[in-house]
Amino acid sequence: MRALITLAIGGCNTGSLLTGISGNGGGGGGGGNTPPVLSFFVQPNTANVGQAISPPVEVLARDSLGNPDSAFTGSITVSLASNSTGASLSGATARRPVNGIATFGSMAVNKAGTYTLQASASGAATVTSSAFSITTVTEP
């Protein structure tokens, strides 16, 4: 189901017409052709080398009005955006969202350093996370 919301604002014989698509307007699975707007819902946190980033990173797909796009079922992919160490990202790096949220629960980075992630989906602008650190475990 798709809802079109039209809002007309007028005054002094001038007007503005704002429109948007809410709810099931996401591209890639809900029958709509509007790509989602991606954002990091849960940012990556500091973790040890090879250990899963916790809590899991979550990427939110929004419709053109900024609401969670529960109809979008296209794949969202996460990768290392800044990677001066040549590290690799392991675990599930491509997920389909549920109710607009893609959860990446088993991702880990194999080298110490400071990184950012980027999230992408077909037709959507790529977004970048905040910086996070991967540290080396030291024995006492």
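**Figure 1. Overview of the protein chain.** Residues 24 or more positions apart account for 53% of the contacts in the protein chain with a separation of 6 or more. The model shown is predicted. The protein chain contains 13 strands and 0 helices, and its pattern along the sequence reads β-β-β-β-β-β-β-β-β-β-β-β-β. The chain has 140 residues, of which 31% count as buried.

**Figure 2. The open sheet of strands E3, E5 and E9.** In this view, 3 strands form an open sheet in the order E3-E5-E9, with antiparallel pairing. Because E3 and E9 each have a single partner strand, they stand at the edges, and one side of each is left without a neighbour in the sheet. From one strand to the next, the twist averages 25°. Strands of a sheet pair through backbone hydrogen bonds, in either a parallel or an antiparallel sense.

**Figure 3. Strand E9 and its pairing with strand E5.** Strand E5 covers residues 57–62 and is joined to E9 by 4 bridges, the two strands running antiparallel. Val59 has Ala102 as its bridge partner in E9, while Glu58 stands opposite Thr103. In a regular strand, side chains alternate between the two faces of the sheet.

**Figure 4. The largest nonpolar core.** This core comprises 25 residues, and those touching the most other members are Leu38, Val59, Ile76, Val78, Phe104, Val109 and Leu117. At least two residues of the core come from each of E3, E5, strand E6 (76–82), E9, strand E11 (113–121) and E13. The strand that gives the most to this core is E11, with 4 residues.

**Figure 5. The surroundings of Ile76.** Ile76 is among the residues that touch the most other members of the largest nonpolar core. With residues up to four places away in sequence left out, Ile76 touches Leu38, Val59, Ala61, Thr93, Ala94, Arg95, Pro97, Ala102, Phe104, Ala119, Ser120 and Ala121. Of these, Leu38, Val59 and Phe104 also belong to the group of core residues touching the most other members.

**Figure 6. Strand E13 and its two partners.** Strand E13 has a covered face, formed by Phe132 and Ile134, and an uncovered face, formed by Ser133 and Thr135. With E4, strand E13 runs parallel, and 2 bridges join the two; here Ala47 stands opposite Ile134. With E11, strand E13 pairs in the antiparallel sense over 3 bridges; in this pairing, Tyr115 has Phe132 as its bridge partner.

**Figure 7. Asn45 in the loop between strands E3 and E4.** Asn45 lies between strand E3 (37–42) and strand E4 (47–48). Its relative accessible area is 33%, so Asn45 is partly exposed. Apart from neighbours within four places in sequence, Asn45 is in contact with Ile53, Ser54, Pro55, Phe132 and Ser133. The side chain of Asn45 reaches the backbone oxygen of Ser54 at 3.4 Å. Asn45 and Pro55 are 10 residues apart in sequence, and their C-alpha atoms are 7.3 Å apart in space.

**Figure 8. Ser129 in the loop between strands E12 and E13.** Ser129 is located between strand E12 (127–128) and strand E13 (132–135). Ser129 counts as buried because its relative accessibility is 7%, below the limit of 20%. When neighbours within four places in sequence are set aside, the contacts of Ser129 are Phe40, Gln43, Pro44, Thr116 and Leu117.

**Figure 9. Ala125 in the loop between strands E11 and E12.** Ala125 lies in the loop that connects E11 and E12. Ala125 counts as exposed because its relative accessibility is 57%, over the limit of 50%. Not counting residues up to four places away in sequence, Ala125 touches Leu38 and Ala119. Ala125 and Pro35 are 90 residues apart in sequence, yet 8.7 Å separates their C-alpha atoms in space.

Note on methods:
Residues numbered from 1 in each chain as written. Predicted model: local features only at pLDDT ≥ 70, side-chain atom pairs only at ≥ 80, totals over all residues. Heavy atoms only, no water. Pairing = 2+ DSSP bridges. Buried < 20%, exposed > 50% of the residue type's maximum accessible area, 1.4 Å probe, protein only. Contact = heavy atoms within 4.5 Å. Polar contact = N/O pair within 3.5 Å; in protein donor to acceptor, adjacent residues only side chain to side chain. Axes fitted to C-alpha atoms, helices over the stretch in contact; angles between N-to-C directions. Core = buried A, V, L, I, M, F, W, Y, C linked by side-chain atoms within 4.5 Å.
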